[in-house]
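Dear colleague,

Please find below the structure that I am handing over to you. My findings follow directly after it.

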Amino acid sequence: MADIVRDDDVIEVADPPRFAFGERVIARSVVRNDGTYRGKDIGEVLVNKGDIGYVVSINTFLQQFYIYAVDFVETGHRVGMRAKELCTLDHLPEEVLAQLGERATALADLGSGKPLDSGATP
C-alpha cells in the first residue's frame with residue numbers, strides 16, 4: 001500500500017461530487033485497462049477521448065477522490081473515472097453555451113439516442 005501515489009493535494013470528498021447520477025458526460029482523455037477491467041488485455045483502450053457516457057454510481061478512493069462509474073453505452077464499457085477525466089454535457093455554463101451558438105443545439109442531442117441535425121456540427 002506504500003507504493004500508491006496520491007497525485008493531488010486536494011481532498012475531493014470534502015466537497016460534493018462534481019457530477020450527479022444519470023448525468024451525461026464526455027471523456028476528456030483515453031482510458032486504458034490497468035488490469036482491473038476483466039476480459040480485456042492490460043493497455044487495451046476502454047474509452048476514447050470524446051466518448052459519451054452516463055454516470056451510474058459515485059464512490060470514493062483513498063478517502064480522497066470521487067470515482068464516477070460511467071456507462072459508455074456505445075461500447076458497452078462501464079469504467080471508473082476521476083472528475084478530471086470527464087466533462088459534463090448536461091450542465092455547461094452559460095458562457096460556454098453562448099460561445100457554441102447554434103452548435104449548442106446539436107450538443108444537447110449528443111448521446112441522447114436522437115439523430116443529429118444534418119446541418120449542425122457539434
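Phe-19 is buried, as is Tyr-68; buried here denotes under 20% relative accessible area, exposed over 50% and partly exposed in between, with a 1.4 Å probe and protein chains only. Please note that this is a predicted model, in which local features need pLDDT of at least 70 and side-chain atom pairs count only at pLDDT 80 or more, while totals for chains, interfaces and linings use all residues. Residues are numbered from 1 along each chain as its sequence is written, and side-chain values use heavy atoms, with hydrogens and water left out.

Overall architecture

The chain contains 2 helices and 7 strands, in the order β-β-β-β-β-β-β-α-α along the sequence. These elements are DSSP runs numbered from the N terminus, with helices (H or I) of at least four residues and strands (E) of at least two. Of its 122 residues, 30% count as buried. Contact means heavy atoms within 4.5 Å; among contacts between residues at least 6 apart in sequence, 53% join residues at least 24 apart.

Aromatic residues

The structure holds 2 aromatic pairs. Rings of Phe, Tyr and Trp (its six-membered ring) pair if their centres lie within 6.5 Å; planes under 30 degrees apart count as stacked, over 60 as edge-to-face and the rest as tilted. Phe-19 and Tyr-68 form an edge-to-face pair, because their ring centres are 5.1 Å apart and their planes stand at 80°. This pair links distant parts of the chain, since Phe-19 belongs to the segment before β1 (24–27) and Tyr-68 to strand β5 (residues 65–72), 49 residues apart. The rings of Tyr-66 and Tyr-68 have centres 6.2 Å apart and planes at 40°, so this pair is tilted. Tyr-66 and Tyr-68 are both buried.

Elsewhere, the charged end of Arg-82 sits over the ring of Phe-65, 3.7 Å from its centre. The criterion is that NZ of Lys or CZ of Arg is within 6 Å of the ring centre and within 35 degrees of the ring normal.

Charged residues

The whole structure has 2 salt bridges, each defined as a side-chain nitrogen of Lys or Arg within 4 Å of a carboxyl oxygen of Asp or Glu. Lys-40 and Glu-44 form one of them, at 3.8 Å from N to O. Lys-40 is partly exposed at 30% relative accessibility, and Glu-44 is partly exposed at 31%. Asp-71 and Arg-78 form a salt bridge at 3.7 Å, N to O.

Asp-51 lies in the loop between β3 (45–47) and β4 (52–61). Asp-51 is buried yet has no salt bridge, and the nearest side chain of opposite charge, Lys-40, is 11 Å away; Lys and Arg count as positive and Asp and Glu as negative, whereas His and the chain ends are not counted. The side chain of Asp-51 reaches the backbone nitrogen of Asn-48 at 2.9 Å. Leaving aside neighbours within four places in sequence, Asp-51 is in contact with Val-25, Ile-26, Ala-27, Phe-72 and Thr-75.

Phi of Leu-62 is near 55°, a positive value in a residue other than glycine. Gln-63, also not a glycine, has a positive phi of about 50°. Leu-62 is buried at 18% relative accessibility, whereas Gln-63 is exposed at 71%.

With kind regards

How values were computed. A polar contact is a pair of N or O atoms within 3.5 Å; within protein, one must be able to donate a hydrogen and the other to accept it, and residues adjacent in sequence count only if both atoms are side-chain atoms.
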